[in-house]
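Hi,

Here is the structure I said I would pass on. Have a look at it first, and my notes follow below.

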Amino acid sequence: MEQTSVFIQARERVKSNVIDFVNEIGAMVQFGYSSIKVGFEKPYRYLEIIRHMEFVGNQSVFIIALTGLFTGLALSFQVYLGFKMVNATNLVGPIVALGITRELGPVLTGLIVAARAGGAMAARLGTMRVNEQIDALDVMGVNTRQYLIAPRIWATVICMPLLTAIFDFVAMIGSWFLVVKLVDLDEAIFWDKVKSVLEFRHINEGLFKAAVFGLVFSVVCTYRGFNTTGGAKGVGEATNRGVVTSMVMIIILDYFLSNLIRIFYLLIGTKV
Amino acid sequence: MGTEKTPAADPKKETFDVTKLEPAIKIEDVWKTFDGKEYVVKGMNLTIPKGSLTAIIGFSGTGKSVILKHILGLYRPTRGRIEVLGQDLAHMDNNELTKFRRRFGVLFQGAALFDDMTVLENVCFPLIEHRPELSIDEVIQIATQKLVEVGLEAKHYEKLPSQISGGMQKRTGLARSLALDPEILFYDEPTTGLDPILTEMVDNLILETHQRTKATSVMVSHDLQAAFRIADFVAMLNAGEVLLFGPPDVFFNTDIELVNKFVAKGMRHQ
């Protein structure tokens with residue numbers, strides 16, 4: 001009898017959590033959609049978009065380049081060690097290039113920018129909420145979603161592919177440095193193999209993913225920050241939840257996006 | 001208005017008849033629940049006359065801030081009607097509300113200044129947003145004039161809000177709320193957390209502003225002394241309802257026990 005009661009309680013708790021989760025996802029989608037939509041209405045916030053692009057994009061370049069360089073070095077080293085066992089070291093360059101452009105570039109860029117810029121967005125909006133600055137904008141007759149949210153989302157969606165392109169480029173420089181300069185493989189073979197395997201669509205695939213990741217984490221983080229309650233503690237929680245949710249969603253979404261892209265290629269008859 | 005109190009108040013009468021005065025804000029049978037179970041506002045009726053300075057007082061949790069947010073259109077009533085400047089807020093969509101709110105000015109408890117903008121930029125902001133026809137020089141000129149009106153010295157204009165005192169932040173917040181020459185000015189707990197000297201300064205500032213602008217002013221406050229000193233009308237809320245409304249005199253000649261207790265305690269503590 002008691003066991004049944006515990007089971008029922010557990011079932012109800014799981015049910016309630018699932019309903020809350022679905023409700024929250026729905027609220028986020030609605031929030032993101034209405035914010036993006038209102039971004040197309042006058043007055044256009046170009047200057048705000050540029051200001052946020054400077055923060056999301058420009059201020060992330062160094063950390064993205066640094067991470068890209070060491071990712072290229074580390075990945076190339078591991079691939080080199082593995083391929084050496086089967087005497088296929090000539091393929092290190094193309095394998096690293098494919099891995100970086102299609103998966104690691106967008107995913108790592110997404111995770112780093114979500115942590116840096118997404119966290120800052122949630123914290124900034126949360127602070128504005130608890131200090132009544134968002135209420136002040138509301139009563140001043142300023143559309144807060146248009147002024148605060150839409151420029152952040154647009155700036156992130158624009159900057160993420162650019163940052164990913166930087167990541168890809170620097171990671172390949174790292175790979176070249178390790179393979180050609182440190183391990184002493186032939187440079188001409190390295191680039192020739194990369195060129196023979198890597199196509200523009202592989203790079204575009206990664207850049208598309210990056211834009212989607214940017215859209216997702218900017219909506220998640222701005223939603224968390226915009227709906228902050230409960231003072232300084234609430235700001236901390238909003239930031240934490242915004243960053244963690246974004247990171248988990250980027251990794252989960254990456255898998256589904258990869259499959260969707262494969263399906264798309266199959267549908268248009270392109271070799272996967 | 002202001003220091004010259006509204007006439008025709010019978011101190012012995014416990015509910016003041018404001019129907020003869022032109023209303024700026026009319027709250028009619030407003031109910032509000034957030035969770036669908038418990039009502040925080042229960043059939044509230046309140047009329048705030050045009051051009052008056054009205055204070056809304058009451059114990060914590062009696063619905064003062066909630067009703068203020070209803071008047072500002074930040075909350076919508078579960079039931080009832082709120083008419084501001086002759087327009088029913090319940091029938092406005094979000095865009096209409098956003099435009100309508102440009103006729104308001106609000107001084108928030110913590111001033112709510114934008115912390116990444118200087119004092120001058122804060123006051124320029126509403127002008128840049130809503131008066132695109134003005135040149136930047138004109139915007140700065142108006143903002144400077146508003147800052148002078150609230151008594152803020154020019155040497156502070158280029159400072160960030162974090163670099164000025166609480167009193168100066170209130171002055172800046174007031175200048176910003178006055179920038180668009182609002183028809184209604186709201187003060188949300190303007191003196192909470194301030195020392196007595198600063199409290200008096202803010203009270204005087206509110207009174208001076210009211211006398212100068214002649215705008216309808218609504219002040220939500222815990223500060224009874226200030227409310228009775230500067231307000232033309234006082235509304236006391238209790239449990240989501242208006243317990244007593246009228247000129248300050250009414251509050252000293254009432255048989256309502258809760259009002260007497262609140263007034264006695266409030267005046268003793270201040």
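Helices here are DSSP runs of H or I at least four residues long, strands are runs of E at least two long, and both are numbered from the N terminus. By that count, Gly206(A) sits in helix H8 of chain A, which covers residues 200-226.

Before I go on, some housekeeping: this is a predicted model, where local features need pLDDT of at least 70, side-chain atom pairs count only at pLDDT 80 or more, and totals for chains, interfaces and linings use all residues. Residues are numbered from 1 along each chain as its sequence is written, while chains are lettered from A and ligands numbered from 1 in the order in which they are written.

Back to Gly206(A). Is Gly206(A) buried or exposed? It is buried, because 25 other C-beta atoms lie within 10 Å (the cut-offs are 20 or more for buried, 12 or fewer for exposed, and partly exposed in between, with C-beta atoms placed from the backbone). Leaving out residues up to four places away in sequence, Gly206(A) touches Thr101(A), Arg102(A), Gly105(A), Pro106(A), Thr164(A) and Asp168(A); a contact means C-beta atoms, placed from the backbone, within 7 Å. Gly99(A) is 107 residues away along the chain, yet its C-alpha atom is 9.8 Å from that of Gly206(A).

As for chain A as a whole, it has nine helices and zero strands. Of its 272 residues, 42% are buried. Its C-alpha atoms fill a box of roughly 65 × 65 × 40 Å along the principal axes. If you take contacts between residues at least 6 apart in sequence, 88% join residues at least 24 apart.

Now chain B. Ala239(B) is in the loop between strand S9 (233-238) and strand S10 (241-246). With 15 C-beta neighbours inside 10 Å, Ala239(B) counts as partly exposed. Beyond its neighbours within four places in sequence, it is in contact with Lys42(B) and Thr62(B).

Where the chains meet, eleven residues of chain A are in contact with 15 of chain B. The chain A side divides into four nonpolar, four polar and three charged residues (nonpolar is Ala, Val, Leu, Ile, Met, Phe, Trp, Tyr, Cys and Pro; charged is Asp, Glu, Lys and Arg; the others, Gly among them, are polar).

On confidence, the model scores ipTM 0.80 and pTM 0.84. Chain B averages a pLDDT (the predictor's confidence in each residue, from 0 to 100) of 85, with 91% of residues at 70 or above.

Cheers

Notes
Contact = placed C-beta atoms within 7 Å.
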